[in-house]
Amino acid sequence: MDEEDDIILSELPDDELTLQMHDDLYDGMKEEIDEGVNILLGRGWAPYRVLTEALVAGMTIVGKDFRDGILFVPEVLLAANAMKSGMSILKPLLAETGAPRVGKMVIGTVKGDIHDIGKNLVGMMMEGAGFEVQDLGINNSVEKYLEALETEEPDILGMSALLTTTMPYMKVVIDTLVEKGMRDDYIVLVGGAPLNEEFGKAIGADAYCRDAAVAVETAKEFMDRKHNQLAAG
Amino acid sequence: MKLDDNILTEQGLASAAQTGRVLLLACGALAHEILALKRANGWNHMDLTCLPAKFHLYPDKIPAAVEEAVLKNRDDYEQIFVVYADCGTGGLLQAKCAELGVEMVEGPHCYSFFEGNDAFSEIADEEFTAFYLTDFLVRQFDAFVWKPMGLDRHPELRDMYFGNYTKLVYQAQTNVPALDEKARECAERLGLDYERRFTGYGDLESTLKTLS
């Protein structure tokens, strides 16, 4: 691109700037995303509005194109890195300005599994959707999950596994919740490349989520149901 | 037969004219090893056909591709044996094989059956931070690891993929110094410690031996 064709983000009106940020997010352009976030904040946008209209909306396009086989994992990771960078500017401001909180999730990969790319994407998209996320990291034993459930009191437990050899551990965690009479206290969502819907049902999860966008949609649906039940009860 | 790794990756291996009673329907990444075992053991009753090794990257394609190949060949053979382990299909390949009435290799993946499924499961608790390569994957490292992960274009992503791994274990099926050297170089590129472990053919040999 010629220098004279370069887009000056600060000269764009709000609507064009957000569309340009969607493009920049799609292309994984971290610095441009940071710049765009700062420009919108400088124009008086609420941090939550920047998050949803510029970042989450852009990442949703990335997610759809990933699902449709147009984008692949490396491109999604670059986009995620750009979004993460923008979110790091917004996070402290969101806390100050009291953004809506949809629910709380504890998430981690299961024992013996170190593959956290999917889990990290889900965590980030859940945060973008207004969930508070407590990330337990990788290689979590049933004891670690239980401890986090007790101390964090989340609405949702998310478990992730990439390996055929580690995914059965999700059942160990769910069976332990059942044994302890805690299963119905949480929405249990599971995900990971070798999993499928049938497996999710067989182990007693509430839902299998095939990607980060589905995880967010599913989590929101379950939270709505939970609120409706509480209202009815 | 001279095998071309790029063809095994992209197209697999078409079976030669039928001479055997048993058809081995395998992953292209196992072609060299199976043919070496056939030669060494005189298993002339077995023919080999391979699906593209690149399905290693898209395990969801394996069950349907296996089904298609079984249906295409089943009238010509007394037995078809599927030389895949679960290979990331989450039990779907096992279910498909059961539906088709054919058997397959036991275990979660080739790293496990090359090591020996029992031995692999014993070390799994201590070695879950290891990234494995076989002879084929060392030779095809760029096609199976570096490029599909986008590391040729975006090396900065390396630690997002491999940051939780500690070492690369090269499970050697053969003693070839050049592969050892290349595997060591792969470990360096991924920023991992290196270990070479000679496995030979592990459970692959004992499993194929049972096919009369």
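# Two chains and their parts: a briefing

In chain B, the centres of domain 1 and domain 2, taken over C-alpha atoms, are separated by 24 Å; the bounds of such domains come from an automatic or database domain assignment. This is a predicted model, in which local features need pLDDT of at least 70 and side-chain atom pairs count only at pLDDT 80 or more, while totals for chains, interfaces and linings use all residues. Residues are numbered from 1 along each chain as its sequence is written, and chains are lettered from A and ligands numbered from 1 in the order in which they are written.

**The two domains of chain B**

- The assignment for chain B gives domain 1 as 5–111 + 202–209 and domain 2 as 119–198.
- Where these domains touch, 10 residues come from domain 1 of chain B and 13 residues from domain 2 of chain B, two residues being in contact if their C-beta atoms, placed from the backbone, lie within 7 Å.
- On the side of domain 1 of chain B that touches domain 2 of chain B, at least two residues each are supplied by helix 1 (5–10), helix 2 (31–41) and helix 5 (110–115) of chain B; helices (H or I, at least four residues) and strands (E, at least two) are DSSP runs, numbered from the N terminus.

**Strand 1 of chain B and its partners**

- Strand 1 (residues 22–27) of chain B is largely enclosed by the rest of the structure, because 5 of its 6 residues are buried, where buried means that 20 or more other C-beta atoms lie within 10 Å of a residue's own, with C-beta atoms placed from the backbone.
- Strand 1 of chain B pairs in the parallel sense with strand 2 (residues 46–51) of chain B over 6 bridges, and two strands pair if DSSP finds at least two bridges between them.
- Within this pairing, Ala26(B) has Cys50(B) in strand 2 of chain B as its bridge partner.
- Strand 1 of chain B also runs parallel to strand 3 (residues 79–83) of chain B, to which 5 bridges join it, and Leu23(B) stands opposite Ile80(B) in strand 3 of chain B.

**Contact between chains A and B**

- The contact between the chains takes 16 residues from chain A and 16 residues from chain B.
- On the side of chain A that touches chain B, the largest share, 3 residues, comes from helix 4 (residues 73–97) of chain A.

**A record for chain A**

- UniProt, in an unreviewed entry, places the feature "domain: B12-binding N-terminal" at residues 8–102 of chain A.
- Over residues 8–102 of chain A, the chain is 76% helix and 0% strand, and the end C-alpha atoms are 35 Å apart.

Terms used:
Buried ≥ 20, exposed ≤ 12 C-beta atoms within 10 Å, placed from the backbone. UniProt positions renumbered as here; feature names shortened; annotations may be inferred.
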